[in-house]
Structures are given as C-alpha cells and as structure tokens.
Amino acid sequence: MANNSCSIIISLFGVFLFTIISNVASSIDNVSTVCPNTSNPPFCSNVLKSAGTTDLKGLVIYTLNLANTNACKSLTLANSLEKTTTNPQLKQRYSSCAESYNKIVGHIENAQKDLAVGDFNAVNIVTYDAMTEVDNCQGEFGQPPKDTSLLLKNGKTLNDICSIILVISNLL
C-alpha cells in the first residue's frame, strides 16, 4: 500500500514539476518573442519577467497598467513643474507637456477599453498615438533652457513600455 501512495505522490510531483517548467518555458518564449522587437530589449525583459504572468493578454494588461501609472505620474509632474517654474520658456514647455500627458492618459485608458473588447488593432493605434504625444513633449526640450526634472526620463520609460504594448498587441 505504501508503494502505491509513493507512486501517486511521485506522479503528482512530476505533473507539478512539469507544469512549473512549462510555465517558465512559456514565459521565456514570450520574452524571447516580444523583447527583441521592442525599442529597449533589456528593459522589456525586466518588465515582462516581473509581470507575474506568462500569457500575452496578461502581459499586455500588465504593461498597459504600467503605462497608465507612468503617464499619470508624468501628468502630475508636468502640471507641478508648470506651476512652480519661474522661467517663462520652461513654463510654456511644461504646459505643453501637461496637455500631451493628458492626451496620453486618455489614449492609454482607451487602449485598456479596446483590449477588454478584444480590439487589438485599436490597442495598437492608440498606443502609437500615446507614443507620438510623448515625442511631442520630448521635442519641446530640444533647445535651452534644459529640463532637469524627471519628465524626460519618464517619457523615455513610457515610450519603452508602449513599445512593448505595440509588439504584444501585434501578436494577439
């Protein structure tokens, strides 16, 4: 009788181990499929490995949530910088960026809604629109005076996240 119990336990352990290995392999497959096609593959790899899921839809939900968090923080930062800077050129640039980030938040929220109804093409389109708005903000700072805040770094990070979303939405 003890032999049968051990056999069952060993079989269950084998199934459990196979499931874990399969999930890890699936995660690695998605990372190796998605990340080389993004603007920042090492960043993509770190993001997707921290997602806590392996399926593409779960990964796009995760990255859309990251994008939304980043965009909201950037909008708050741009508004704060606009109110506190004394330099009129920077004030105008931060104002323009606040408008861009307001649009970005809307685009990301639309992408989340589009994903919920399975419209992956629309997810792609509005994510691209969000990236265009980030570029519009970044372009404001091509000339002096220089921005020393985190706004430009946040924009680069948001574009990297959106790049991941674009690749995944094309695979869905």
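**The disulfides**

A: C137 is buried, as its relative accessible area is 0%; buried means under 20% relative accessible area, exposed over 50%, and partly exposed in between, with a 1.4 Å probe and protein chains only. The model is predicted: local features need pLDDT of at least 70, side-chain atom pairs count only at pLDDT 80 or more, and totals for chains, interfaces and linings use all residues. Residues are numbered from 1 along each chain as its sequence is written, and side-chain values use heavy atoms, with hydrogens and water left out.

A disulfide is a covalent bond between the sulfur atoms of two cysteines; here it is assigned to a pair of cysteine sulfur atoms within 2.5 Å. C137 forms one with C97, and their sulfur atoms are 2.0 Å apart. This pair joins distant parts of the chain, since C97 lies in helix α4 (residues 88-116) and C137 in helix α5 (residues 120-139), 40 residues apart. Helices are DSSP runs of H or I with at least four residues, numbered from the N terminus. The torsion about the S-S bond of C97 and C137 is about 95°, so this disulfide is right-handed. C97 is also buried, at 0% relative accessibility.

A search of the whole structure finds two disulfides. The other links C35 and C44, with sulfur atoms 2.2 Å apart. It is left-handed, with -75° about the S-S bond. C35 is buried at a relative accessible area of 4%, and C44 is buried at 0%. With the bonded cysteines numbered in sequence order, the pairing is 1-2, 3-4.

Key
Helix = DSSP H or I, 4+ residues; strand = E, 2+ residues; numbered from the N terminus.
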